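Good morning, colleagues. Please look at the sequence and the structure now.

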Amino acid sequence: MTEELKMPRFTKPVLSRLEGGATLVREHSQEARAVEKGGGYVYFTLPDCRTVPVIVGRWLIDSGLLQPAGDDLFGGSQTYRVPHVGHS
């Protein structure tokens with residue numbers, strides 16, 4: 001049996017921005033909130049530079065709702081997008 005991930009509070013508004021074409025950015029951080037709840041990362045969206053709660057950013061990536069752009073120097077990704085949103 002697979003366990004469904006519970007959507008964190010405030011996820012829907014962030015997901016709405018991403019579905020509108022925004023990009024989720026994941027950045028390394030040693031801030032307490034990033035280390036305790038964000039897996040060592042903070043999150044924000046571009047182009048609006050709005051902060052995304054660390055629990056929400058981590059959940060969106062872990063849930064598989066976003067596609068990694070593969071733009072990390074070490075083969076990972078710093079940015080994530082909703083797969084069906086076109087980007088130029």
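What percentage of the 88 residues of the protein count as buried? The share is 38%, where buried means under 20% relative accessible area, exposed means over 50%, and partly exposed lies in between, with a 1.4 Å probe and protein chains only. Please note that this is a predicted model, in which local features need pLDDT of at least 70 and side-chain atom pairs count only at pLDDT 80 or more, while totals for chains, interfaces and linings use all residues. Residues are numbered from 1 along each chain as its sequence is written, and side-chain values use heavy atoms, with hydrogens and water left out.

Let me turn to the overall layout. The protein has three helices and five strands, and from the N terminus on they follow the order α-β-α-β-β-α-β-β. Helices (H or I, at least four residues) and strands (E, at least two) are DSSP runs, numbered from the N terminus. Of the contacts between residues at least 6 apart in sequence, 41% join residues at least 24 apart; a contact means heavy atoms within 4.5 Å.

I come now to helix H3, residues 54-62. Its buried residues include Val56, Trp59 and Leu60, and also Val54, Gly57 and Ile61. Which elements cover them? Among them are helices H1 (11-19) and H2 (32-37), together with strands S1 (23-28), S2 (41-46), S3 (50-52) and S5 (79-81). After H3 comes Gly64, with a positive phi near 85 degrees.

The next topic is the core. The largest nonpolar core has 18 residues, and Val14, Leu18, Leu24, Tyr43, Val52, Leu60 and Leu66 have the most contacts inside it. H1, S2 and H3 each supply at least two residues of this core, and the largest share, five residues, comes from H3. By nonpolar core I mean a set of buried Ala, Val, Leu, Ile, Met, Phe, Trp, Tyr and Cys residues joined through side-chain atoms within 4.5 Å.

How do the two helices H1 and H3 pack? Their axes are 10 Å apart, at an angle of about 60 degrees. The axes are lines fitted to C-alpha atoms, for helices over the stretch in contact, and angles run from 0 to 180 degrees between N-to-C directions. H1 and H3 are therefore oblique to each other, since angles under 35 degrees count as roughly parallel, over 145 as roughly antiparallel, 65 to 115 as roughly perpendicular and the rest as oblique. On the H1 side, the contact is made by Thr11, Val14, Leu15 and Leu18, and on the H3 side by Val56, Trp59 and Leu60.

Thr11, in helix H1, is buried, with a relative accessible area of 0%. Not counting residues up to four places away in sequence, Thr11 touches Val56, Trp59 and Leu60.

Val52, in strand S3, is buried, with a relative accessible area of 0%. Leaving aside neighbours within four places in sequence, Val52 is in contact with Val14, Arg17, Leu24, Tyr43, Phe44, Thr45 and Gly57. Val52 and Val42, ten residues apart in sequence, are 7.7 Å apart in space, C-alpha to C-alpha.

Not counting residues up to four places away in sequence, His28 touches Gly40 and Tyr41.
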